[in-house]
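Good morning, and thank you for coming.

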Amino acid sequence: MSTANRETPSPTAGRAGMKKELPEQFKDYRHVWVFIELERGQVHPVSFELLGEGRKLADKLGVELAAVVLGPPGEATWHAVAEAFAYGADLAYVIEDPLLAHYRNEPFTRAMTDLLNTYKPEILLLGATTLGRDLAGSVATTLLTGLTADCTALDVDADGSLAATRPTFGGSLLCTIYTLNYRPQMATVRPRVMAMPQRVDKPVGRVIQHKLAMAEEDVVTKILGFLPDNQSAKANLAYANVVVAGGLGLGAVENLQLVKNLARAIGAEYGCSRPLVQKGWMPADRQIGQTGKTIRPKLYIAVGISGAIQHRVGVEGADLIVAINTDPNAPIFDFAHLGIVIDAIRFLPALTEAFTRRLSPHNRDKLAS
Amino acid sequence: MHIVVCIKQVPDSAQIRVHPVTNTIMRQGVPTIINPYDLFALEEALRLRDAHGGEVTVLTMGPPMAEDALRKALTYGADRAVLLTDRYFAGSDTLATSFALSQAIAKVGETFGMPDIVFTGKQTIDGDTAQVGPGIAKRLDLLQLTYVAKIASIDLDAHEITVERRSEGGMQMLKSRLPCLITMLEGTNEIRRGSLDDALRAARSQIVKWSAADAGIEDLTKCGLRGSPTVVKRVFAPTSRAEKAAQIDTTDKSLRDLADDLIAAIFTRQPALEQELAVDGGA
Ligand SMILES: Cc1cc2nc3c(=O)[nH]c(=O)nc-3n(C[C@H](O)[C@H](O)[C@H](O)COP(=O)(O)OP(=O)(O)OC[C@H]3O[C@@H](n4cnc5c(N)ncnc54)[C@H](O)[C@@H]3O)c2cc1C
């Protein structure tokens, strides 16, 4: 949340020296919490990614990892609790209430702040989704504590403070932010920035149930309806296994078809760098990078993309990055694993054809035998 | 109706350069713009005013030069501009920013009439936190409607508003009450060109300039660095991977051979992928 326009851009930026002993009222704040985002019966995968990260922080601090599950009475909520245990939570704080069936700011802020004030964790992590960002801002302001948004790395330092790292200055630099003298220390992390932890079947955990001190009459905002996104039209880039993306190097909007053809041949999602969205060549939900989607595929093929830092931060989690670019000095070759210096317009049809040949049913059978 | 739109002047970040040795930002000569996300909020406010009557006040907190952003907003058709500027605000994080802005909005309300709606952009392009809007809502006890894609209806007499709000996996249709705080989603409208009249008016307009004291802020410990619970401990450049990409040798090869070479190199590094692609793809 520390905005990039701080007046102290120096590398040794300066108020860390003001760090004093934690005020008395915050001394008993302990343990790490992760907010479990439950919507329409589904837990957002970012919650599990955060449990993985929260586990590491809790282990370093020698404290417990708790999941916060807010949901309607019934199966979905308890399923989310079980999943939270499977992904590493030691215990879960649960509020079951019909008001929590669908996200609304008022009851969720109330539920969360009540829990925080009652059980006093030192760290609270939330996904930087539309829901998580809506909730985090309200909760942090209610408690008047610090919140660092869209972190890319989390750690605890020697004295047990949360060190939250995020991009700054338009992504050209990173900064590490501390919450001095306030608790809980809050941070949000975007989906796919952290790795998905291993799921362990049927572990058990403690459950602490709490009541929501609110009735429907207390909630001003009413939900009139919900229109689900058209799933088939919608890109699921963040969670795709294979992604092919095109950049300005494609030269013309028609050449996007080459990227789409390759994607289709290998069963990949396709995406793009930001300028293509700005030109209106692709919808915004296909943009990859700091201000678009963060991806973590097994294979990422970047076509005619220079590899600017804002793009790089969105793709670094890929297992294998392949870059196709005419410029041998393009920055993308600094972080790609495999590269080929070639005109993509000429090369893509050949590559698509070669993949199709290799993956054809005939060869597939050979592979299986 | 009275609508307040909070805007921010930001460096045109496409043009920011980082000093290669000292890792500091080279700001000199970087042009500033109105945070692009704020323009969707401003346009929505102008449309509501045009439909329902009333006034749009734009508000920014920033250095004296942020006046440029306000003047620009006036050329688009805003009726009044307020600049909140004071050295005490320097170094504000989102909590301190939402404090100062909420105090100023309260003062705007006292001076020019209570706002029915406070708008902010979805986020800024320099801070990128999306947290100031919710912070203002909480501090002013306004109903909070974030990521609004469409304002479906407003009933000023009943103080009711219905909106479509982007949420995970779909659009929520919400009915809420005025006064409220709305953060507008990007791409929901396009900022108007502004008329010649507006341009002339903007040039003549007096911009209201408030210090912390003018805005009625008494507790300066809640402002700027002192009012910010978070501190930046370290700013650094991302490290690069130790090795560069392994390059496919392109000398004297046909496109077909090169494609086969690249695919072989991919499957050598990720053998499990071949099965997976064969199952999903290639159809
Ligand atoms: C605040 C901020 C946020 C941003 N967020 C994002 C973001 O989320 N995602 C993002 O992608 N960008 C983002 N950007 C923009 C980013 O800085 C770069 O400008 C952008 O990524 C460049 O896109 P590009 O690589 O497609 O274009 P270019 O940088 O123009 O690169 C084109 C590349 O194509 C190569 N090329 C040209 N012709 C061919 C050919 N025939 N065959 C093969 N290669 C060819 C060139 O050698 C070059 O390397 C952001 C910028 C800012 C300031």
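Which backbone atom lies 2.9 Å from a nitrogen atom of the ligand? It is a backbone N or O atom of A:A344. Please keep in mind throughout that this is a predicted model.

Let us stay with the ligand. For A:H311, the atom concerned is a polar one of the side chain, and the distance to a ligand oxygen is 2.9 Å. On its own, the ligand has 980 Å² of accessible area, and the protein covers 81% of that. Two elements of chain A, α6 (274–278) and α7 (309–315), are the ones that give two or more residues to the shell around the ligand.

How many residues surround the ligand in total? There are 28, and the closest are A:S273, A:T291, A:S306, A:Q310 and A:N325. Sorted by class, the shell contains 16 polar residues, nine nonpolar ones and three charged ones. The site is shared between chains, because the residues that surround the ligand come from chains A and B.

That brings me to the interface of the two chains. On one side, 90 residues of chain B take part, and they are in contact with 102 residues of chain A. As a general remark, the size of an interface is often expressed as the accessible area that is lost when the parts come together. Here, the area buried between chain B and chain A is about 9000 Å², and carbon and sulfur atoms give 59% of it. Of the area that chain B buries against chain A, 8% is supplied by B:E168, B:V231 and B:K233, more than by any other three residues.

What holds charged side chains opposite one another? In general, side chains of opposite charge can pair when their charged atoms come close. Seven salt bridges are found across the interface of chain B and chain A. One salt bridge joins the side chains of B:R166 and A:D229, with 2.9 Å from N to O. Between the two chains there are also 31 residue pairs in polar contact. Helix α6 (residues 255–269) of chain B gives twelve residues, the largest share of the side of chain B that touches chain A. That side of chain B has 36 nonpolar, 30 polar and 24 charged residues.

Over all chains, the structure holds 35 salt bridges. Another example is the pair A:E83 and A:R199, whose side chains meet at 2.5 Å, N to O. A:E83 belongs to helix α2 (residues 75–86) of chain A and A:R199 to the loop between β11 and β12 (206–210) of chain A, so the pair ties together parts that are 116 residues apart in sequence.

I close with some details of the backbone. Where are cis peptide bonds found? One joins A:R183 and A:P184, with omega about -5°. A:P184 is placed in the loop between β10 (173–179) and β11 (185–189) of chain A. In chain B, a cis peptide bond joins B:L178 and B:P179, and omega is about 0°. The loop that holds B:P179 runs between β11 (170–177) and β12 (180–184) of chain B. Finally, A:H31 has a phi near 85°, which is a positive value in a residue other than glycine. A:H31 is found in the segment before β1 (32–36) of chain A.

Key:
Residues are numbered from 1 along each chain as its sequence is written. Chains are lettered from A and ligands numbered from 1 in the order in which they are written. This is a predicted model: local features need pLDDT of at least 70, side-chain atom pairs count only at pLDDT 80 or more; totals for chains, interfaces and linings use all residues. Side-chain values use heavy atoms; hydrogens and water are left out. A residue is near a molecule or strand if one of its heavy atoms lies within 4 Å of it. A polar contact is a pair of N or O atoms within 3.5 Å; within protein, one must be able to donate a hydrogen and the other to accept it, and residues adjacent in sequence count only if both atoms are side-chain atoms. Accessible areas come from the Shrake-Rupley method with a 1.4 Å probe; for residues, only the protein chains shown count as cover. Helices (H or I, at least four residues) and strands (E, at least two) are DSSP runs, numbered from the N terminus. Ala, Val, Leu, Ile, Met, Phe, Trp, Tyr, Cys and Pro count as nonpolar, Asp, Glu, Lys and Arg as charged, and the others, Gly among them, as polar. Contact means heavy atoms within 4.5 Å. Buried area is the accessible area (1.4 Å probe) that two parts lose on being put together, summed over both. A salt bridge is a side-chain nitrogen of Lys or Arg within 4 Å of a carboxyl oxygen of Asp or Glu.
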